[in-house]
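Here is a short report on a sheet, a helix and a chain interface. Look over the sequence and the model first.

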Amino acid sequence: MHAYPRRIIDIKPEKTLPYDEGIAWLASQLKQRVDGFNCNPEARGIYLATMDSGAAASVAFWANALKHGPGFANPADFPLTLANSSAAVVSQMLEIQGPNYTLSGGSDAVYAAFSQAIHDLSASDESVQEGLVLALDVSETTRCIGMILTASDNQPSLGTIREDGVVESLAPPYTAESPTLAMSTFIQQFLNRGESYIQAGEGTIYCRKR
Amino acid sequence: MNVKVLVTGVGILTPLGDSPDRLWQALIKGQTAARAWPDLEAEGFRITTACRIDDSARPDPKRGRKLAVRAASMAVRHADLPLDGKIALFVGATMGESVAYEQAAEGKPLDLAQASIMAYPHAIQQALNIQGPQRAYATACAAGNYALGAGIAAIRSGKANAAIAGGVEPFSRIAMTGFSRSRAMAGDCCRPFDRDRSGMQLGEAAAFLVLESEARAYRRNVEPLACVESLGLSCDAYHPTAPLPDGQGMSRAMQQALYKAGIDATEVDWICAHGSGTQASDNAEAKAIERLFPHQPHVSGYKGAIGHSLGAATAVEAVITALALRHRVLPPTTNFRNADPEFTLNIVQQAETQPSLRWALNCGYAFGGLNSALLMGAV
């Protein structure tokens, strides 16, 4: 089996939202734009790259505890302090019951998210059939951008994606700190030039239009 | 045929022992690190009992990185690992440097590059001067298992000659408050799977394992502790904090780990359980184990001894599992007194020698419905 990009997703609200509202809004938008999965919920995986998921909620939760005392902090806000809270909300909304990854970092985390998804989708046990690979920013701006990858022996519409050695023919790799900026550049190059790549210490994710 | 991946070294810092040997001796005796902390009482915490490493009262925004570097260095020394070539590094955690977020709430600037989980592998890589793939897994209380699963994959794919994988979680006032306010914490002590269990107790820890292929380990003439075979993952997609009550998601993770390894459920001798000590989680886990393992393998839980160290927990328990497989001894479930009539688990109550111990599952679950099961074996 191989992994192929099936759909591109790009969501940006018109205004910056508080963390809890932003995640809920993004999850509802994702549900509309994912266009359905072609496999059962247990064979869906999520691979989310983020640097700031849970950060603002942690600060807000502790500010609330300082203000009212630790014995009176709002318990409903606590789950949102965890860095994996965004992927948890999305997986619940989209019924993703397979692997649930949150990778912390910038462009390196985007690379790692793709690498993990390609690994899972290509595995011989075929336990993962579709993977939602997302980059997420939630602090200063709320943005979510990424791809649905699908496992197949036949090439679907968008093109091919693979993990590879260094790609010499393209421009130098983009090393943005923000995961959404890195993902956005990756996807824009793919759409405009027909091929793109993202690189980390361990290799290259290479994507080419069909 | 999969490359066999071996554990060739472990490093660990816990409130019950600052080395694998000291922790092991304390676990065998059924000791606990839980105690009341005057600083928490002075700060107005309703629950002030926790399992903390002694120097944790002084807030330090670099504490997680310091613990991680010490534990990873210990694992490297234990394995006598040459730090040349590609050494992969995989670190799991829940929150990052909690003190940095706490100080940001008081008005100090927050630098995410220093506070978030990605700071951990960077700090270790810098301290050990190693090169190779590195990743930071923000997968809450299952994160250590995720890191170890990545380690298995890196060795098998040839991306790395060796992998250092584990987890870290410094003591967090945010978590202490959050779990307490969610009424998930035990007032007296944490009793996994006990009839009278009333909740979890917060801990802190760092634990790392050095993984190498069997061929390389024998070439280097190192004596392995155990093998790490496969990781099973699933997500309940059910509730932000509560597990699926019937434990189906947990079962799926366990089943997947066994399927990947081609091991039958009846071959599992022991389960190092998540055993958080909460009613909901222990109930669901017991149902999952009962459903999948009717032959009643031994089951233990160690959070009564060392507390719940969140993102480090599954790495800590993987170290305990490796030591148990090496010694062929199962440490007791600290604080377990009375069986719960709701389930029929074969809980380890006294240290038990098990000469035929072969396969063990190290299980960990997390907020967000994340389920993980790591299959480990004796060598």
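Which strands of chain A does helix 5 lie across?

## Helix on sheet

This is a predicted model. Helix 5 of chain A, residues 179-193, lies across strand 6, strand 7 and strand 8 of chain A. The helix runs at about 150 degrees to strand 7 of chain A.

## The sheet

Those three strands of chain A form an open sheet. The order is 6-8-7, and the pairing is antiparallel. Strand 6 (159-164) and strand 7 (195-200) of chain A each have a single partner strand, so one side of each is left without a neighbour in the sheet. From one strand to the next, the twist averages 10 degrees.

Six bridges join strand 6 of chain A to strand 8 of chain A, residues 203-209, in the antiparallel sense. Within strand 8 of chain A, A:Cys207 is the bridge partner of A:Ile161.

## Interface of chains A and B

In chain A, 47 residues are in contact with 52 residues of chain B. The area buried between the two chains is about 4100 Å². Carbon and sulfur atoms give 63% of that area. On the chain A side, A:Trp62, A:Phe78 and A:Glu202 lose the most area to chain B, together 16% of what that side buries.

## Polar links and composition

Two salt bridges are counted between chain A and chain B. A:Glu163 and B:Lys159 meet through their side chains in a salt bridge, at 2.6 Å from N to O. Across the interface, 16 residue pairs are in polar contact.

Helix 2 of chain A gives the largest share of the side that touches chain B: eight residues. By class, that side of chain A has 23 nonpolar, 17 polar and seven charged residues.

Key
Residues numbered from 1 in each chain as written. Chains lettered and ligands numbered in written order. Predicted model: local features only at pLDDT ≥ 70, side-chain atom pairs only at ≥ 80, totals over all residues. Heavy atoms only, no water. Pairing = 2+ DSSP bridges. Helix = DSSP H or I, 4+ residues; strand = E, 2+ residues; numbered from the N terminus. Axes fitted to C-alpha atoms, helices over the stretch in contact; angles between N-to-C directions. Contact = heavy atoms within 4.5 Å. Buried area = accessible area lost by both parts, 1.4 Å probe. Salt bridge = Lys/Arg side-chain N within 4 Å of Asp/Glu carboxyl O. Polar contact = N/O pair within 3.5 Å; in protein donor to acceptor, adjacent residues only side chain to side chain. Nonpolar A, V, L, I, M, F, W, Y, C, P; charged D, E, K, R; others polar.
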